[in-house]
Amino acid sequence: MPAPVRVQSAPFDMGAELNAFAAGVTGAGAVVSFSGITRDIATGDLEVMEIEHFPGMTEKALTGIRAQAMERFGLADAMILHRYGPLKPAEPIMMVATAARHRADAFAGAEFLMDYLKSRAPSGRRGSPPQVPPGSGRRAGTGARRRAGGRGAGPPPGLPRPPPPHGGPKPPG
């Protein structure tokens, strides 16, 4: 079975990675995966996106977030694969896979890992056009940051949430 956290420059085969991950999982009723693909989102002028890699720091951070996901969502296993270096549009850039007894936990764990990779993982991107159109009123990354436990994520699990503004219905928990 491949290492649970890999940071590499080489392209990967999403299907082969998922099959290898699933073959090594025991005691799970669900396997969920997500693969990110380099995209040219603005005008078609992106030729290459360069992903920086910080050896040692990146692997340590990804290993830590994997451990958090395993514990937080009761995962049977989790895998993170992230590329660095020059990537062309349509090339796979990252992949997460999770396995759990129940599908909700596998989905939640995968979303947690994806959001961390998108919003807080130690890497840098160059050559990518802005991901939010100017004047749209949206801010890039805030939803992912919130879901990954960053600023704006609300209280830690187990603590009550504050009441919503304007006296609306109270959220569960």
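Student: Which residues of helix H3 are buried in this predicted model?

Tutor: In the predicted model, the buried residues of H3 are Ala106, Gly109, Ala110, Phe112, Leu113, Met114, Asp115, Tyr116 and Leu117.

Student: How do you know that the span of helix H3 agrees with its 17 residues?

Tutor: At 1.5 Å a residue, helix H3 (residues 103-119) should span 24 Å. Its end C-alpha atoms are 24 Å apart, so the two values agree.

Student: Why is Arg83 called buried?

Tutor: Buried means under 20% relative accessible area. Arg83 has a relative accessibility of 3%, and therefore counts as buried.

Student: What does the side chain of Arg83 reach, and what makes this a polar contact?

Tutor: Arg83, in strand E4 (residues 77-83), reaches the backbone oxygen of Pro92 with its side chain at 2.9 Å. The cut-off for such a pair of N or O atoms is within 3.5 Å, so the distance of 2.9 Å qualifies.

Student: Which residue stands opposite Arg83, and how is E1 joined to E4?

Tutor: Gln8 stands opposite Arg83, and Gln8 is also among the residues that Arg83 touches. Four bridges join E1 to E4, and the two strands run parallel. At least two bridges are needed for pairing, so E1 and E4 count as paired.

Student: What makes both faces of strand E1 covered?

Tutor: Val5 and Val7 on one side are buried, as are Arg6 and Gln8 on the other.

Student: Why is Pro55 called exposed?

Tutor: Exposed means over 50% relative accessible area. Pro55, in the loop between strand E3 and helix H2, has 65%, and is therefore exposed.

Conventions. Residues numbered from 1 in each chain as written. Predicted model: local features only at pLDDT ≥ 70, side-chain atom pairs only at ≥ 80, totals over all residues. Heavy atoms only, no water. Buried < 20%, exposed > 50% of the residue type's maximum accessible area, 1.4 Å probe, protein only. Expected span 1.5 Å × (residues − 1). Polar contact = N/O pair within 3.5 Å; in protein donor to acceptor, adjacent residues only side chain to side chain. Contact = heavy atoms within 4.5 Å. Lists of a residue's contacts leave out its neighbours within four places in sequence.
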